[in-house]
Amino acid sequence: MDHFDKKDVIQAILIADNNVENFKPLSDTDSTALIPLVNVSMLDYALEALNRSGIEEVFVFASQHLQSLRDFIKKGIASLKSWSVNMKVTVIGGEGCRCFGDAMRELDSKALIRGNFVILGADTVTNADFRPIFEQHKKIAKYDKGAAATLIFKEAENHLRTGNEIMIAVDIQNNRLHHHQRLRLNGKETNFEIPLEVFMNNSQVALYHNLIDPQMAIGSPSMLSLFSDNFDFETRDDFVKGILINEEILDSRIYVSLLPREQYARKVNNWLTYQIVSNDIISRWTYPLVPDMGVVGLKQQYIFLKNNIYRSPESNMSKVTLRENVVAGAGSSVGSGSYLSCSVLGNNVKIGHKCRLLNAFILDDAVVEDNCVLEFCIVGANAKVGCKTELRDGCVVGQDCVLPASTNLSGAVVTSAVTEDDEETGDIKKLGDKAFIITASDRNLATSEDEDDDEEDLPEGKVVPKMMKLPLTYEESDYCSSSDEDESRPCSPMPDDTNIFLSEVIDSLSRGFQEKSNPDFLILEINSSRYAYNMSLKEVNFNVVKAIFSLPPIKECSGNVLVDINAVFKQLGPVMSNYIKSEDSMVDCLKALEDIYEENPKVREKISQIVHFLYDKDFVSEEAILAWHEELDLEQHESLRKSLQKLIEWLQQSSEEEDDDDDEEESD
């Protein structure tokens with residue numbers, strides 16, 4: 001492994017015990033840094049990220065559960081976890097610390113940091129290489145002695161709000177930060193207010209409104225002293241805003257570095273981001289920090305099957321449907337007739353017969369009895385879920401809970417025992433001897449539709465995003481996995497630019513259709529994505545059509561698909577007309593239908609009428625349809641050719657009649 005210059009021992013600070021309130025009740029009994037994420041603790045992901053960047057000394061700072069963290073680090077060193085080989089890891093306690101600022105002041109008082117350092121949360125998952133950013137910060141600090149920090153951001157892949165999204169203004173010439181604004185969870189900003197001086201005092205300013213803040217930075221030694229000198233700096237945002245407002249007084253400046261597209265970084269600070277990052281890890285966006293690579297272990301723990309199915313050789317599954325994105329830990333077992341999709345089973349988890357798990361995260365030694373439905377929920381370690389129970393919409397079941405049979409919950413937080421803090425809330429409902437609902441079911445990020453758009457941001461911790469159905473970003477797979485080990489493979493390719501472009505077009509069109517946006521604005525968004533991913537015109541034509549037919553009204557149609565197609569085209573027809581103009585583009589349009597034909601049974605049933613619809617609306621010409629049909633492979637597209645046969649015969653007959661009429665006119 002390449003390391004930094006040996007003359008400098010590069011240090012890093014990991015802040016543990018973040019967002020304790022957001023992870024209740026699991027955070028009541030242990031550090032949030034030790035919560036398992038795809039069966040690996042969040043602290044392990046952070047330590048391994050630092051280890052891969054050649055960091056040699058790490059201070060884990062915590063104000064709670066100190067002994068638990070120290071035991072975890074000792075156990076990791078004893079078991080020779082990969083991060084323990086090259087790094088010295090020390091747990092630092094600060095029991096009186098109540099915020100990020102207090103932690104920084106405590107570290108400054110201990111005088112442990114000797115130079116520039118890397119700082120991130122123990123709840124940050126990243127495969128980023130800190131070395132080039134560190135070197136960039138050192139160069140900046142040489143000519144600007146007031147460089148306090150270089151903040152690291154990542155471009156967002158969708159428009160979903162999780163509490164980590166920001167808008168910034170940066171000087172293009174030197175990457176200096178001039179404005180910083182955290183975006184609202186409810187996503188209702190209609191405009192941004194940026195000080196006029198930002199534009200008057202800088203010749204080139206770039207505005208970024210689509211960034212994720214993973215809470216990573218390279219800090220100068222002065223960063224810690226700035227916290228010590230300014231006790232009103234409680235959070236990192238306070239520090240950033242304080243520097244921006246008082247740059248001249250404090251003689252300090254902040255710079256920015258954006259991660260390359262191939263590198264991943266996200267902060268896990270609530271259950272929604274827990275769900276998102278879990279799915280990203282399973283989908284291999286965090287490679288090489290993926291389940292089958294062991295992450296921190298020195299042995300392969302999973303067999304990697306198709307559709308991102310990771311099964312421990314020691315798991316037991318028979319006659320089970322594993323649809324996609326499933327992880328099953330050692331000793332786990334699932335009863336026959338059960339269905340799992342986008343779910344994680346910890347070690348020694350027992351799932352009964354005929355259960356349905358969708359975006360369910362079951363921690364070690366938990367038991368789920370027969371005929372249960374678990375959707376968008378988490379079940380803590382050693383918990384027991386009684387038979388015929390249904391948990392939906394962001395339910396969190398704490399450690400050691402015992403839910404009675406036939407329990408039906410939505411969005412509830414359940415604990416095994418009531419604490420004094422819980423009693424003070426006055427919102428407790430007893431379900432059983434070891435099951436108490438302690439949180440109202442409306443702890444989500446949505447706000448009432450009749451709320452004023454100018455409403456102040458709700459403080460973090462009172463409105464917590466919960467697990468939910470995420471926007472469509474990938475094509476749904478039709479593969480149902482069995483337990484065939486011979487289907488395992490060592491790795492899977494990362495989604496290429498074409499797939500990412502398609503997902504962005506689907507997001508834009510889906511939002512535009514729901515909000516009835518001006519088609520011209522949607523065209524601008526699509527063109528922007530086209531240039532960002534360097535798509536050819538042919539690829540754009542193909543993917544725009546595929547995106548339109550992949551919208552929920554068509555893809556999830558339960559009635560007459562032609563009615564839904566007509567409704568979509570009434571709104572988005574101008575978008576398609578903008579791209580489908582020439583004969584070549586019409587053929588691209590029809591080729592996109594080949595994919596839709598294979599993926600959507602409703603489209604397959606009505607393919608002839610759909611092509612006729614496009615012909616009637618002048619999206620495709622007779623010549624294009626005939627040319628496309630001629631290119632269809634006789635064997636591969638036998639079914640499609642058969643479905644189109646009557647339409648093709650009608651078009652050919654119509655063409656021959658027109659030719660005869662033309663011949664008669666010429667003879668006259």
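The model is predicted: local features need pLDDT of at least 70, side-chain atom pairs count only at pLDDT 80 or more, and totals for chains, interfaces and linings use all residues. Residues are numbered from 1 along each chain as its sequence is written, and side-chain values use heavy atoms, with hydrogens and water left out.

Confidence to begin with. pLDDT is the predictor's confidence in each residue, from 0 to 100. The chain averages 82, and 87% of the residues score at least 70. Helix 12, residues 420-425, has the lowest mean, 62, while strand 21, residues 343-345, has the highest, 95. Helices (H or I, at least four residues) and strands (E, at least two) are DSSP runs, numbered from the N terminus. Over residues 440-462 the pLDDT is below 50.

Now strand 6, residues 117-121. Is this strand buried or exposed? Five of its five residues are buried, so strand 6 is largely enclosed by the rest of the structure. Buried means under 20% relative accessible area, exposed over 50%, partly exposed in between (1.4 Å probe, protein chains only). Phe117, Ile119 and Gly121 lie on one side, Val118 and Leu120 on the other.

Two strands pair if DSSP finds at least two bridges between them. Strand 1, residues 11-15, runs parallel to strand 6, with five bridges. Strand 11, residues 205-219, runs antiparallel to strand 6, with four bridges.

Last, an open sheet: six strands in the order 16-19-22-24-26-29, with parallel pairing. Strands 16 and 29 stand at the edges with a single partner strand each, so one side of each has no neighbour in the sheet.

Terms used
Contact means heavy atoms within 4.5 Å.
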